Amino acid sequence: FDLASSSVVTMRVFDIQGKQVQYVRTAKLIEGKQNIEINSEGLPSGTYFVNIETDNGVNASAKFIVTQ
């Protein structure tokens with residue numbers, strides 16, 4: 001994802017039912033292109049969403065699928 005400006009970013013993972021299943025991290029990131037890695041170990045096969053929130057009000061989500 002791309003950040004327009006430096007921000008404190010919080011990333012969480014939710015299952016298809018909306019239950020938070022993983023807290024990825026909160027960190028201050030500089031502007032520009034960012035990459036995140038999500039450890040799917042321990043998550044059963046299924047559809048998940050990563051939610052990314054910044055301290056300046058930007059909120060984005062992306063879907064990913066875990067297969068075993």
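Predicted model: local features only at pLDDT ≥ 70, side-chain atom pairs only at ≥ 80, totals over all residues.

A: Val13 belongs to strand β2, which covers residues 7–15. Because its relative accessibility is 0%, Val13 counts as buried. Glu41, by comparison, is 28 residues from Val13 in sequence, and the two C-alpha atoms are 13 Å apart in space.

The structure holds one aromatic pair, and Tyr48 and Phe64 form it, with ring centres 5.8 Å apart and 25 degrees between the planes. The pair counts as stacked because planes under 30 degrees apart are placed in that class. Tyr48 lies in strand β5 (residues 46–54) and Phe64 in strand β6 (residues 59–66), so the pair links distant parts of the chain, 16 residues apart. Tyr48 has a relative accessibility of 5% and therefore counts as buried.

Strand β2 also contains Arg12. A search of the whole structure finds one salt bridge, in which the side chains of Arg12 and Glu53 meet at 3.4 Å, N to O. Since Glu53 lies in strand β5, the pair ties together parts that are 41 residues apart in sequence. Arg12, at 25% relative accessibility, counts as partly exposed, and Glu53 also counts as partly exposed, at 32%.

Key. Residues numbered from 1 in each chain as written. Heavy atoms only, no water. Phe/Tyr/Trp six-rings, centres within 6.5 Å; stacked < 30°, edge-to-face > 60°. Helix = DSSP H or I, 4+ residues; strand = E, 2+ residues; numbered from the N terminus. Buried < 20%, exposed > 50% of the residue type's maximum accessible area, 1.4 Å probe, protein only. Salt bridge = Lys/Arg side-chain N within 4 Å of Asp/Glu carboxyl O.
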